[in-house]
Amino acid sequence: MNGRRERDSPERPSTDQQTGPSPGHAGWTEVVNEGALEGYDGAPPEANVILISHPEDELLGRRWQLRSGAVLEIGRSSRCDVSLPDTMSVSRTHARLKFEQGQVRLEDLSSTNGTYINDERIQGTGRLTSGDRFQVGTVHFKFLQEFDVENAYYETLYQLAVRDGLTETFNKRKFDEELEREFQRSSRYDRALSLVLVDLDHFKAVNDTHGHLCGDYVLQEVTKIVSRHLRPEQTFARVGGEEFAILSPETTLDGAARLAEKLRSKIAAGVFEFAGIELSVTCSFGAAAKTADISSAAALYEAADRALYRAKAGGRDRVCGDDSG
């Protein structure tokens, strides 16, 4: 019988690495992880804005949940709630959605290329009803009430597009989007941001010795251990064959290293059983945090990757932090 035993009892996810509350506009939530769907005031979501078409196929399926009182601005500016910085057909502050008195209204903010509802350009403001499509420059959105069955359809398509089929974590495409988004937000609000890369040690030997089904099982079980100890706002993704990434907003390098050490010890303490075979599994971890010297999302990833290389070169089954800052 396949299964995994842990030698110690499970813990609740730690919050000691969090440095403070995230900024955000009351009344709306950008959906990143399951578990992050609670509103800032605890009220249930009432409507959704879904990005369905982009000239560069970016952010497709991204969803923003709206509650009564929400204000959602769309534009190229990094200060907009829906920021489209590289889409030149969109004005810096292009349009605004307001959810008031049970109605959602879309306002054009004197944009150059106009705002459209169902292909008709609005003058000033227009009212949205469930199922409407609206256009900001060359970017198209769908507006759906939460109860609309079509909303469930779009959510299913989105999950298929952003999930890794084996582990059900986020995939590399989704991770890259979240890394860029969180890096921009960290820069805008001067907030902490850290990244942990995880690599299974000697994973090729598992596949070569016990077969790929055993390797798949190990990946799935390691994923379960990691997921159990993460906060909802952390993004966990499979970014390579046996490599994973954990993106942690509001987290310093020390906090990221503590999380990595906790995960390392949990995985190393586990006993993995597959088809009557008992395996021990270890992982190497590289941690990095955004600093003044790290000016891009790619640079943050490279810093974590350097730290991961040091962990593997130093003997594996260990945590290394980036020391270049």
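Exposed means over 50% relative accessible area, buried under 20%, and partly exposed in between (1.4 Å probe, protein chains only). This is a predicted model, in which local features need pLDDT of at least 70 and side-chain atom pairs count only at pLDDT 80 or more, while totals for chains, interfaces and linings use all residues. Residues are numbered from 1 along each chain as its sequence is written, and side-chain values use heavy atoms, without hydrogens and water.

**Stop 1: the S3–S4 loop.** Select Glu-56. This residue sits in the loop between strand S3 (47-53) and strand S4 (63-66); helices (H or I, at least four residues) and strands (E, at least two) are DSSP runs, numbered from the N terminus. Glu-56 is exposed, at 56% relative accessible area.

**Stop 2: helix H2.** Select residues 172-189. Helix H2 has 18 residues and reaches 26 Å from its first C-alpha to its last. Among its buried residues are Phe-175, Leu-179 and Phe-183. Next comes Asp-190, with a positive phi near 55 degrees.

**Stop 3: Glu-178.** Its relative accessibility is 0%, so Glu-178 counts as buried. Show its salt bridges (a side-chain nitrogen of Lys or Arg within 4 Å of a carboxyl oxygen of Asp or Glu). One goes to Arg-62, at 3.1 Å, N to O. That pair links distant parts of the chain, 116 residues apart: helix H2 and the loop between S3 and S4. Another goes to Lys-174, with the closest N and O atoms 2.9 Å apart. Glu-178 and Lys-174 are about one helical turn apart because they lie four residues apart in H2.

**Stop 4: Lys-312.** Lys-312 forms a salt bridge with Asp-199, at 2.8 Å between the closest N and O atoms. Lys-312 lies in helix H6 (residues 297-313) and Asp-199 in strand S14 (residues 193-200), so the pair ties together parts 113 residues apart in sequence.

Definitions and conventions: The expected span of a helix is 1.5 Å times one less than its number of residues.
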